[in-house]
Amino acid sequence: MNQDWEFMEMILRELPSNIFFKDTECRYLFATHYWRHIKHDKEEEWSIKGKTDLEIRKDKENAQLAYEQDKKILATGKGCQYTIEINLEEKTEYLEIIKNPVRNKDGTIIGIVGLINDVTDRMKLQKQLEVYAQTDIMTGLYNRRYLDYWRKSVLRPDMLPLSIISADCDGLKYMNDVYGHAVGDELIRTTAILFKISSLENAVMFRMGGDEFLIILTKTPEKKAKESIARMRSVGESLSVHGMPLSISIGTYTIEAFGEDFEEAIKNADKNMYAEKEIKRRCRN
């Protein structure tokens, strides 16, 4: 029997995936590869055989997950598939785990067969694509698409009060018309830099399109939001684009109750921002 296991291991070891078999006590009977995520003695005769994930895995959280999934498979007779993230030795890796029960001729479960695939490259690419999908490339801020996701999936009652800041660059059309769109783009990027270096607490920042921005301050009452805006204006006084001082119109609105309409709150912040922009226009004239 041992020779059969050894012959099987020898063949399967040539595959890139780690293939393993466990008994009904969740102990390994064989594994084609020993990966770096296990702890073991350096002695040559050390073997994974007869040990559970709880005994050999360095990452205890994933070891517990593996053990619980094994127990579930043995109890239900149903396989499973999941992906884990491993952070060891300053390196992040992703492993896809596929496990199924093994039955004898009578239908009795006699163990678990599993497959481990290294999907690190695929997962990193997927995460990068997710970042691209929710990020404005020009500024590095979140985009309008992510705002909808944030409102539906991230926003919680304990984040209130929620202060919404609507901001708009002054003079973008003039910049584009006189100096060209490259300078106009510089104005947009500089505005985003202002938001970032102002160190707004609990801030989630979005570029809504064109020269329109939205900043959401969680757990921030109206008074504190206005203090943040004052700090932002102070920092902005030191910035300029093509020799012209950076000028931004800002409006704010604070949501106090969780049931308050989010879209209406944004409209109110926009309304206050446009009111400030109109005052500036009249002063220039």
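## Close-up views of a predicted model

**View 1. Strand 3 and strand 4 (residues 91-103) run antiparallel and are joined by nine bridges.** This is a predicted model, in which local features need pLDDT of at least 70 and side-chain atom pairs count only at pLDDT 80 or more, while totals for chains, interfaces and linings use all residues. Residues are numbered from 1 along each chain as its sequence is written, and side-chain values use heavy atoms, with hydrogens and water left out. Strands (E, at least two residues) and helices (H or I, at least four) are DSSP runs numbered from the N terminus, and two strands pair if DSSP finds at least two bridges between them. Look for the hairpin that strand 3 and strand 4 form, with two residues between them. In its turn, Glu89 has a positive phi of about 55 degrees.

**View 2. Strand 3 (residues 80-88) has a covered face and an uncovered one.** Cys80, Tyr82, Ile84, Ile86 and Leu88 make up the covered face. On the uncovered face you will find Gln81, Thr83, Glu85 and Asn87. Follow Tyr82 across to strand 4, where Ile97 stands opposite. Ile97 in turn has Ile116 of strand 5 as a bridge partner.

**View 3. Five strands build an open sheet in the order 2-1-5-4-3, with antiparallel pairing.** Strand 2 (28-31) and strand 3 are the edge strands, each pairing on one side only. Inside the sheet, nine bridges hold strand 4 against strand 5 (residues 109-118) in the antiparallel sense.

**View 4. Helix 3 (residues 60-76) and helix 4 (residues 120-134) both lie across strand 3, strand 4 and strand 5.** Helix 3 also lies across strand 1 (18-22), and runs at about 165 degrees to strand 3. Helix 4 runs at about 120 degrees to strand 4. For these angles, axes are lines fitted to C-alpha atoms, for helices over the stretch in contact (heavy atoms within 4.5 Å), and angles run from 0 to 180 degrees between N-to-C directions.

**View 5. Tyr142, Tyr146, Tyr149 and Phe206 are linked into a cluster by ring pairs.** Rings of Phe, Tyr and Trp (its six-membered ring) pair if their centres lie within 6.5 Å; planes under 30 degrees apart count as stacked, over 60 as edge-to-face and the rest as tilted. The whole structure holds seven aromatic pairs. The Tyr142 and Phe206 pair is tilted, because the ring centres are 5.9 Å apart and the planes stand at 40 degrees. Phe206 is buried, with a relative accessible area of 1%, whereas Tyr142, at 29%, is partly exposed (buried means under 20%, exposed over 50%, partly exposed in between, with a 1.4 Å probe and protein chains only).
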